[in-house]
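This report looks at a ligand site and at helix packing. Please have the sequence and coordinates open as you read.

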Amino acid sequence: YRRGIFFIENVAVRNLARRFGTPLYIYSAGYIRDRISELFDAFAPVNPLICYSVKANGNLKVLRIIGKVGCGADVVSGGELAKAIKSGIPASRIVYAGVGKTHEEIISGIRAGIFLFTVESMEELVEINALARKFGRKTACSFRVNLNVDVDTHHYTRTAKAETKFGLPLKDMAALFQKRKKFTGIEFAGIQFHLGSQIKESAPYVEALRKLRRFLTSIRFSPRILDIGGGFGIPYMAGEKVESIFSFGEKICSIIKRDFNVEKVILEPGRFIVGNAGILVARIIYSKKTNSRNFLITDAAMNDLIRPSLYSSYHLILPEKFSSGRKCS
Ligand SMILES: Cc1ncc(COP(=O)(O)O)c(C=O)c1O
């Protein structure tokens with residue numbers, strides 16, 4: 001706030017609302033760049049490839065900003081792949097994840113020459129292998145392992161428990177690796193895990209890396225790529241405790257340096273980069289009084305901001321202008 005007026009970077013929010021109308025999303029390019037440079041600094045000891053998770057915000061302008069500062073992209077659909085490429089992110093920095101890649105989507109990834117596919121099932125591997133052979137392109141794959149690690153976050157976004165659809169359980173992964181010679185179209189390049197989202201402490205990553213080390217030794221696989229997914233949490237409320245990204249980086253990098261001899265480390269952050277980078281500006285259009293409550297009706301609704309209804313999550317609401325002496329709740 002400057003003299004009671006809400007600014008984003010150096011621009012008064014009211015000026016943008018007048019110019020573009022409401023409801024209006026406003027994103028700060030500066031904030032996005034700052035988070036990315038923090039990530040590069042925090043994980044500097046392993047010199048990571050940061051593949052921004054496009055599902056967090058697939059706006060083309062946002063993607064362009066992220067691509068320009070050296071990031072790649074983590075995509076989960078043909079649409080996200082097309083957007084990442086359109087916004088200038090080189091295919092060589094794109095990883096393609098997700099449990100439901102279609103025949104056409106796999107072809108589009110192979111044709112684009114993406115860095116790798118993250119494989120989530122044997123069925124999918126059979127399909128990628130067949131298409132890689134058909135197009136005569138040996139295709140690098142990273143294998144998503146389900147390490148059965150629990151994390152303290154919303155139950156919708158815990159993705160590393162055994163009962164979820166994500167990745168391959170250790171037993172199935174071991175069986176798949178025994179058959180690896182059959183898959184002549186595939187380079188068995190890497191290993192991946194993604195533990196969940198809004199993870200506020202580094203302990204689950206430490207646990208996952210320890211489990212993974214033991215598992216890789218047991219199947220005698222030395223990946224050249226290690227992808228630890230995304231999930232780094234952010235504060236949504238004043239005083240909410242989240243371990244700093246530098247502490248995440250220090251703990252994770254020291255284990256990787258000690259226990260993993262890999263060429264490339266990949267991170268797939270989404271929320272950490274964009275979750276607090278934007279605001280939704282809404283206008284109050286009616287003040288509706290009922291016997292039990294007074295309602296302020298705005299021109300933005302859950303279709304514009306689904307997170308509070310989907311996850312029962314807290315969302316901070318601020319007035320565009322603070323008037324002296326009046327309370328806003
Ligand atoms: C495979 C994968 N990578 C990365 C992410 C990004 O997670 P976050 O936005 O919490 O960093 C997700 C989110 O669900 C994901 O499924």
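## The ligand shell

This is a predicted model. The ligand is surrounded by Ser-53, Lys-55, Asp-74, Arg-144, His-194, Ser-197, Gly-230, Gly-231, Glu-268, Pro-269, Gly-270 and Arg-271. Sorted by class, that shell holds one nonpolar, six polar and five charged residues.

## Polar contacts and cover

Glu-268 contributes through its side chain: one of its N or O atoms is 2.6 Å from a nitrogen atom of the ligand. Gly-270 contributes through its backbone, where a polar atom lies 2.9 Å from a ligand oxygen atom.

The ligand on its own has 400 Å² of accessible area, and the protein covers 88% of it.

## Helix 2 and helix 9

Helix 2 spans residues 29-42, and helix 9 spans residues 245-259. Their axes come within 8 Å and cross at roughly 30°. Angles under 35 degrees count as roughly parallel, so helix 2 is roughly parallel to helix 9. The crossing of helix 2 past helix 9 is right-handed.

## Helix 3 and helix 4

Helix 3 covers residues 60-68, and helix 4 covers residues 78-86. The two pack at an angle of about 60°, and their axes are 9 Å apart. Helix 3 and helix 4 are therefore oblique to each other. Helix 3 passes helix 4 in a crossing that is right-handed.

Methods. Residues are numbered from 1 along each chain as its sequence is written. This is a predicted model: local features need pLDDT of at least 70, side-chain atom pairs count only at pLDDT 80 or more; totals for chains, interfaces and linings use all residues. Side-chain values use heavy atoms; hydrogens and water are left out. A residue is near a molecule or strand if one of its heavy atoms lies within 4 Å of it. A polar contact is a pair of N or O atoms within 3.5 Å; within protein, one must be able to donate a hydrogen and the other to accept it, and residues adjacent in sequence count only if both atoms are side-chain atoms. Accessible areas come from the Shrake-Rupley method with a 1.4 Å probe; for residues, only the protein chains shown count as cover. Ala, Val, Leu, Ile, Met, Phe, Trp, Tyr, Cys and Pro count as nonpolar, Asp, Glu, Lys and Arg as charged, and the others, Gly among them, as polar. Axes are lines fitted to C-alpha atoms, for helices over the stretch in contact, and angles run from 0 to 180 degrees between N-to-C directions. Helices (H or I, at least four residues) and strands (E, at least two) are DSSP runs, numbered from the N terminus. Angles under 35 degrees count as roughly parallel, over 145 as roughly antiparallel, 65 to 115 as roughly perpendicular and the rest as oblique. A crossing is left-handed if the near helix is turned anticlockwise from the far one by less than a right angle, and right-handed if clockwise.
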